[in-house]
Amino acid sequence: MRPAREATFAKRTSEHHTSVRFHASAATVDSVIRAKAGPWGDLEYYTVYLEATKAQLKNTELPTYDTEWNFVGYSDEQVTKLFEGTDMPASLRAELLDREKWRHHDKMVTVVPGNEILLGLAPEARIAIYSVLRRWEEDANHHEPVVIFAHSVREWLEHEDLPEEVVAAIEKTSYHRGKNLVFADTPLVLRLVDTEEERLKIRKALTRTPTLVVSLRVTPDTDTTAIADYWGGATPAKDILPFLESIADSGIPRSVDLAHLLPPTARRLLYTFPNPNSGHTGYYPDCHWTSLNFRNSEPLDRLADPILATAYVLQNYTKVQGPYRYGDVIFLMDGPTGNAIHSCVYLADDLVYTKNGRSPTQPWVVMKLDDVVTYYGMFYTTQVACYRHNVE
């Protein structure tokens, strides 16, 4: 088992703070979902969106507002063949095939398409070209597209105050990658507005990331001992029984936020973005750092290094079959290579604690396991493997 870098790769400089804003869609009673009954207790949850703040984004300088298609290791002839074999209007193809406008650097051909081309591509043509561009880290926008966590662009951006021209452009240029609706043309929409303040508003909206906000319902009839045994399993030193008993003894049903039940490191990180010092080791925290530090009172920085993370798994974890237990690390393995391309921590029912990539714009969240598998399914052919800590 070889944990590898994820679909989102490390940035080498500090970019973001830990502040966060919650945006809830129609926070009605109907939006609260009850988890299946189990030893974890009576759980309920609803969805909110986390967004990076403008202050965070101001610390990040985008290298260019140009759209760049970077073909790494491609010859001019290979790029030409791709454009010639893609169905598009003749005028757009002629513009793309103008080699005088191509750039060459370190065995990479860079094509800079204008707004007319980007907005004029049919969905099939966009998928044909972008499915090639997504192979390379050097083309970050296509390698790591923005995932639209909704049925449509307008539903996703419902509460954002963006110009109609921008929303329409995102809607026109979004495309399906596996089961996911994604968007890879951030520079295009940034060019549609005139001020940096407007661009910050767009960039902020594009960081929208859903998380489940989970709570435990405690009543006078709750078996607090059994619940404490379950949630204390990953951290034997954390005695939550007195806390739960005090709530049950009050005689009034109460909801306890999931964060109060988690180990110290996870409790501090949940619903936040990486802070400015997170990348001081040369790696930003990724999914494996997150999963393997779940039960550690103080996080081990070295687990951000994929090689050291692999050694840590081999020393401290054993592969097991289901059913999952609280604290199990669930790896998504790439079928062809056997690499662990993602990991998350099982909490309860079908809920997991996860950070989906190294990027500072990816917060620590709670998701359904099926949604995590779907997300990474657009990058890899995934197989699920479960590893349990050896103390259990």
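## The sheet around Trp-69

Let's start with Trp-69, whose bridge partner in E7 is Val-111. Strand E5 and strand E7 (residues 108-111) are paired antiparallel over four bridges; two strands count as paired if DSSP finds at least two bridges between them. Strands (E, at least two residues) and helices (H or I, at least four) are DSSP runs, numbered from the N terminus.

E5 and E7 belong to an open sheet of three strands, in the order E5-E7-E6 and with antiparallel pairing. Strand E5 (69-72) and strand E6 (103-105) form the edges, each pairing on one side only. From one strand to the next, the twist averages 20°. Strands of a sheet pair through backbone hydrogen bonds, either parallel or antiparallel.

## About the model

Please keep in mind that this is a predicted model, in which local features need pLDDT of at least 70 and side-chain atom pairs count only at pLDDT 80 or more, while totals for chains, interfaces and linings use all residues. Residues are numbered from 1 along each chain as its sequence is written, and side-chain values use heavy atoms, with hydrogens and water left out.

Next comes strand E4 (residues 42-51), which is mostly covered: seven of its ten residues are buried, that is, under 20% relative accessible area, where exposed is over 50% and partly exposed lies in between (1.4 Å probe, protein chains only).

E4 pairs with strand E3 (residues 33-34) in the antiparallel sense over two bridges, and here Ile-33 stands opposite Tyr-45. E4 is also joined to strand E11 (residues 209-218) by nine bridges, again antiparallel. Thr-47 has Leu-212 of E11 as its bridge partner.

## Helices H11 and H12

Helix H11 (residues 224-231) packs against helix H12 (residues 241-249) at an angle of about 145°, with the axes 9 Å apart. Axes are lines fitted to C-alpha atoms, for helices over the stretch in contact, and angles run from 0 to 180 degrees between N-to-C directions.

H11 contributes Thr-224, Thr-225, Ile-227 and Ala-228 to the contact, and H12 contributes Leu-241, Leu-244, Glu-245 and Ala-248; contact means heavy atoms within 4.5 Å.

## Ser-291 and its surroundings

Our last stop is Ser-291, found in helix H14 (residues 287-292). Ser-291 is buried, with a relative accessible area of 1%. Leaving aside neighbours within four places in sequence, Ser-291 is in contact with Tyr-317, Val-329, Ser-343, Cys-344 and Val-345. Ser-343 lies 52 residues from Ser-291 along the chain, yet their C-alpha atoms are separated by 6.4 Å.
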